[in-house]
Amino acid sequence: MLCATSRFLAATALRAQPRGRGPALRCRRRELHFPGHPEPPLCDFLTGQLGRPSVPAGRRAILRRGRMPPAVGGGLAGSELRARRGRCGSQAARAVSPDVAVEAAARSHKQPAPGSRHFEAAGRWALLALVTLLSFATRFHRLDEPQHICWDETHFGKMGSYYINRTFFFDVHPPLGKMLIGLAGYLSGYDGTFSFQKPGDKYEHHNYMGMRGFCASLGSLLVPFAYLTVLELSKSLPAALLTAALLTFDTGCLTLSQYILLDPILMFFIMAAMLSMVKYNSCADRPFSAPWWFWLSLTGINLAGALGVKFVGLFIIVQVGWNTISDLWHLFGDLSLSLVTVGKHLTARILCLIVLPLALYTATYAVHFMVLNKSGPGDGFFSSAFQARLSGNNLHNASIPEYLAYGSVITVKNLRMAIGYLHSHRHLYPEGIGARQQQVTTYLHKDYNNLWIIKKHNTNSDPLDPSFPVEFVRHGDIIRLEHKETSRNLHSHYHEAPLTRKHYQVTGYGINGTGDSNDFWRIEVVNRKFGNRIKVLRSRIRFIHLVTGCVLGSSGKVLPKWGWEQLEVTCTPYLKETLNSIWNVEDHINPKLPNISLDVLQPSFPEILLESHMVMIRGNNGLKPKDNEFTSKPWHWPINYQGLRFSGINDTDFRVYLLGNPVVWWLNLLSIALYLLSGSIIAVAMQRGARLPPEVEGVLWDTLLRLCAWSLASSSLARGIHTVGIMSLLLGAAYSFYLFHPLAYGMVGPLAQDPRSPMAGLRWLESWDF
Amino acid sequence: MLGFLQRPVVVTADINLNVVALTAVGLLSRLWRLSYPRAVVFDEVYYGQYISFYMKRIFFLDGSGPPLGHMLLALGGYLGGFDGNFLWNRIGAEYSSNVPVWSLRLLPALAGALSVPMAYQIVWELRFSHCAAMGAALLVLIENALITQARLMLLESVLIFFNLLAVLSYLKLCNSQKHGPFSLSWWFWLTLTGVACSCAVGIKYMGVFTYLLVLGVAAVHAWHLIGDRTLSNVCVLCHLLARAVALLVIPVIMYLLFFYVHLVLLCRSGPHDQIMSSAFQASLEGGLARITQGQPLEVAYGSQVTLRNVFGKPVPCWLHSHQNTYPMIYENGRGSSHQQQVTCYPFKDVNNWWIVKDPGRHQLVVNSPPRPVRHGDIVQLVHGMTTRLLNTHDVAAPLSPHSQEVSCYIDYNISMPAQNLWRLDIVNRESSTEVWKTILSEVRFVHVNTSAILKLSGAHLPDWGFRQLEVVGEKLSPGYHESMVWNVEEHRYGRSQEQKERELELHSPTQMDLSRNLSFMARFSELQWRMLTVRSDDSEHKYSSTPLDWVTLDTNIAYWLHPTTSAQIHLLGNIVIWVSASLATVVYALLLCWYLLRRRRSICDLPEDSWLRWVLAGALCAGGWAVNYLPFFLMEKTLFLYHYLPALTFQILLLPVVLQHISDHLCRSQLQRSLFSALVVAWYSCACHVFNTLRPLTYGDKSLSPGELRALRWKESWDILIRKHQ
């Protein structure tokens, strides 16, 4: 079957007449002259008709309008153009005329008979359908297994559930991917009740297939996208087919597409952006036409999608941006276009590639905040004002006393995002780390241990006694902060802090509120806007230690296990004003004071957007591997050094192991190396003034095989060698997939060391631990 | 042959008096009262200790940069006859009489002084006018921060010197390329470019940026050379080869040479030995070498060994066991095997000794001839003092519950059987039957029953474990990690049959004869790797700053304060130069964009040669600024104002270039041109005035009154020290 199709392919490939700029290129590909090799007859009539034998002019035409993306021909195109256009003067004008000739020739060229065109178009569609079908078949095969949580499904499935339950959470990735997962779950009848606790938990009656199916279908679409992209770039069916086969038969892609993860969604958007960029490049000769606009805006939409799923989507934006800039640069240098036209081009790109994606990206956040309106596990990461929006949060529709008074019970939050509340608990600093007194940390979650009582430094009388008048705390007052749960005072002294050695340690000290003079802090309002009194949530305050003169702050470093991995609190002797040492009062309880409503605090949408980005960036920076996690290094990835256990360890478990198909991956590496090598040889040769056959533009393997074939033998044999080469690559990929498929589809039974295992003998690297 | 008899020997001296004069004032500004203050100023305290190490030839490890810079400073000490006896512990400490302050500070000062005429040369070689070249040199001359930095035992001025030298010699090369490639001077400048680049890299890693810049410019020029069709293929190839040798091979060789000299000089063991591997330590005089000298090389059954963990983090330590057992129940309620503890102990101790035993035999002595242990052999490890066997089993380790507990097995007569067989896995083996060698072999112990690997988890045990480090059996082994690798450090063949005798034997030092040496490349690669990975704790510093503060000079560093008066030295730039150099960069960037866009539309504002000059000047000066400045935004270490000085120097070079360009091409009439010149003169005198005003803070020679000091605090963020009671 495969064999037959490919012969058919070869036939279509030879007869294919791509539209637009195609004919000249196709034809020249055939008329390639190698010494001592008779000219293939196929293109004779075309060359005759064109009547323009010079190769470089044609190249120039292609390069000028082709705007090949950098991955394939950009380097060459760039250098060529620079050589030709870099100089001022009339050369540019001269360069224009041959293009016109080519274009005219292309248009006047006789079209093939309509019947064969129909046949050919049908063949193309059939192939595309075949590729898509094969891709879907591989991705959906045994999709429901294993019937338990695998790997990061525990996170992303859980976050999907949060959307269904509308509870607020925090994650380091932008929301689009998880929203789509949630939507897929919702539409497929999942009710959000499964708790996604840890990998290995059984799904039982919960409907998880909707979410997996959604990810798998996006993952399956990668293959046709890649197929179309390569087809568009190379105009070579065998090359495109090879791409599709390599991608279909890659066990790594397959495994990643089969579970509830962000990666298939991300890859979908990236590939879609790539495809639409390539498509719109090939529309470049018809600017402002409907397909041009369509592909351009589709590129923008996909960029928004890629960025909306994960921040690594930025890289595809960089690539598209680079392509656009070089495109604009070429247009700008084209003296036949007026500045107004260039301006239009620029505006169109700004609209479609900057404004549109930004708007869509913002829109995803708008939806995100609209959907998630209940208080949830992510509250503590955000500022007090932000939390007031969430129903169920104690700040929602809350009313608290406005000004701080002595005797108030308060929580104190650091102004730097994602630091948290000033916290203490009944655990001492361990031996050898400063004084052995009670720990003071910051903590991101709400907790009774975050409560502090504000007291005068010199009296220990209960200020809540109704006989005393209310006394407000003012800027510059000397105060004591007593921890409500443990009745110890916030304390600092000349001992070094546990992690930041140049700062002083902060502890909880004293018994029942009686301590010493090291418990005294001067409270200061930064940029006093509200007079001398201290306003809840609004006033930015600092605590200055009276004896040492240092400022209370949090270094943002995570304490080791003895500190429960909360963040370190220090007293810094450097009085530089950073957000780390500025705090605000969040909760405030004082029965003697009247409450005011907090609705005035509602932040605007841009504020929320900015804040959530800051929190995400900090969260991303804060991600680090824990003790028992083994991480891989970037250089491991391309060489397929190590896989990842998705599920199961022992021989009785259902084991899934994420590992790229080594044949495919190493072939990729080889291709990249060969491409770089041939590219640099060609570049140097061209710089030395050598004329090169246009063949070298093709996609690597296809071209190499063709070149080999041509230089070796006569035309019929050449075609044979070419076909055999392509077929062997295809079959090789398929066979390696057959060998490695148990990794992706899961296996039960003995481990790979055992000769009875399906993977016996396939552990080609020590580091693969399946 | 006897040509000189027929024609007289003529020497034509072509002396540019400008250069001579600039050199003279440069020397004057940098060398004036060089040995004042006779006290440790700022980072001298840091570099000084290394100078002392060089003088005493004691090995040290400094992660801040390659050794050339330290060696150059030490050269000054050597020439001045410094014996290295000074305690570098406090900024402001008075130097004792044996410290040759003048000669220690001489080299950086000379480098700083020579930067002045070099600035002149560079702008001149960029084909700008003498006037512009003089301007550049005079700006470098009166830049206060450069003066301060050059007058002390610090490395920035030397780095700047080599950066400028690299650029200058490359420019000379380009200019001699036109009239005589492969001439003597061409070769000289080509080689000098490579040498200067490698010296820059050798002083600080930062030098890499300038090196890359020069390489980049050279690559572009080489590309044009390839495109030059008037040259034959062979000629092009020669050009490329010569450049490759001079700019790639020579720097590598030079860099290795620095390390070679460094290692030859530092041959004695010192305080940083512990960080290095056993093999490295054994190559130093004293220290470990004294112990390991003459040990048997091959480990045999019956050998007595100490096992050091290769990872060395958090501290280097040895596999250790002692009488105490794991507590029955841990604090968090989990249970243990209650067997004898096995830990990793960072000090030498008799309890670090283990005996390699053949599981099939009972004896603990070495046969004669010794039977060596090979890769893949199954062994048992017997703790020397307690004669218990190293064991691991399916019990969670005390602090890392994901891993197995490692213990010395005690037979309690309960369900848990002994599992004390270990397969030896030599990691750095060359053949599959490699013999286990002392110091050289890096081995893993794979547990036979559970395939767990003996590993240092790095966690400190609580009080019951005497705060020693935890050792575990890692079961979820994801491949190679250094914390699982051990090497034999001390080694002797066991001779004693009886336990009492054996204990005596264990207490006695090892003595036998065999010596071994590490090759230079092995020592180099280890040292380089450690230097790059050694973590200095990222300490916050009072005067640390961020790269954004530098451009506008929002920060300064107080270097030194006189113990009694208020004379003080600050690293503080000439703010006029500082700001105008930044402005010039902006103007350059804007003009360049404007010209590029116009040229793209085929409108040429500049003639071709002046355009090329403009671009080359930008590539080297603005490029030099960018490559020396922008990478700091990505660095996580503590940054100081002086990190900006190399970038600043390049920026200053750009300033006269931009000024001349404006005067030549943008001033339309003669009147405008004269007006512009007048403005430039006014601006320069302003800069001179600022230099003069800040001079007391640069040289620290004059004690200012609090009022005067307060008047100098032009920016809120400048930290000028004012004594409260005077």
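Colleague: How much area is buried between chain A and chain B, and what share do carbon and sulfur atoms give?

Modeller: About 2700 Å² is buried between the two chains. Carbon and sulfur atoms give 53% of that area. The model is a predicted one.

Colleague: Why quote an area at all?

Modeller: The accessible area lost when the parts come together is often used to give the size of an interface.

Colleague: How many residues are in contact across chain A and chain B, and what makes a contact?

Modeller: Heavy atoms within 4.5 Å make a contact. By that rule 33 residues of chain A are in contact with 31 residues of chain B.

Colleague: How many salt bridges does the rule find across the interface?

Modeller: Zero between chain A and chain B. The rule asks for a side-chain nitrogen of Lys or Arg within 4 Å of a carboxyl oxygen of Asp or Glu. Polar contacts are another matter: nine residue pairs across this interface are in polar contact, both residues at pLDDT 80 or more.

Colleague: Which helices of chain A supply at least two residues each to the side that touches chain B?

Modeller: Helix H15 (314-333), helix H16 (339-371) and helix H19 (662-687) of chain A. H15(A) gives the most to that side, with five residues.

Colleague: How do the residues on that side of chain A divide?

Modeller: Into 14 nonpolar, eleven polar and eight charged.

Colleague: Turn to B:Asn144. Is this residue buried or exposed, and how do you know?

Modeller: Its relative accessible area is 0%. Buried means under 20%, so B:Asn144 is buried. The residue lies in helix H7 (residues 144-150) of chain B.

Colleague: What does B:Asn144 touch, leaving out residues up to four places away in sequence?

Modeller: B:Leu572, B:Gly573, B:Asn574, B:Phe691, B:Leu694, B:Arg695 and B:Thr698.

Colleague: What makes the link between the side chains of B:Asn144 and B:Thr698 a polar contact?

Modeller: The distance is 3.0 Å.

Colleague: Why is A:Val748 called exposed?

Modeller: Its relative accessibility is 51%. Exposed means over 50%, so A:Val748 counts as exposed. A:Val748 is in the segment after helix H21 (715-745) of chain A. Its C-alpha atom is separated by 45 Å from that of A:Ile419, 329 residues apart along the chain.

Colleague: Where does UniProt place the feature "transmembrane region" in chain A?

Modeller: The unreviewed entry lists residues 209-230, 293-322, 346-367, 663-686 and 720-740. In the model, residues 663-686 of chain A are 100% helix, with end C-alpha atoms 34 Å apart. Residues 720-740 of chain A are also 100% helix, and their end C-alpha atoms are 30 Å apart.

Colleague: How many helices and strands does chain A come to?

Modeller: 21 helices and 16 strands. Of the 770 residues in chain A, 51% are buried.

Colleague: And where does UniProt place "domain: MIR" in chain B?

Modeller: At residues 296-359, 370-427 and 431-491, again from an unreviewed entry. Residues 296-359 of chain B are 0% helix and 41% strand.

How values were computed. Residues are numbered from 1 along each chain as its sequence is written. Chains are lettered from A and ligands numbered from 1 in the order in which they are written. This is a predicted model: local features need pLDDT of at least 70, side-chain atom pairs count only at pLDDT 80 or more; totals for chains, interfaces and linings use all residues. Side-chain values use heavy atoms; hydrogens and water are left out. Buried area is the accessible area (1.4 Å probe) that two parts lose on being put together, summed over both. A polar contact is a pair of N or O atoms within 3.5 Å; within protein, one must be able to donate a hydrogen and the other to accept it, and residues adjacent in sequence count only if both atoms are side-chain atoms. Helices (H or I, at least four residues) and strands (E, at least two) are DSSP runs, numbered from the N terminus. Ala, Val, Leu, Ile, Met, Phe, Trp, Tyr, Cys and Pro count as nonpolar, Asp, Glu, Lys and Arg as charged, and the others, Gly among them, as polar. Buried means under 20% relative accessible area, exposed over 50%, partly exposed in between (1.4 Å probe, protein chains only). UniProt positions are given in the numbering used here, feature names are shortened, and annotations may be inferred rather than shown by experiment.
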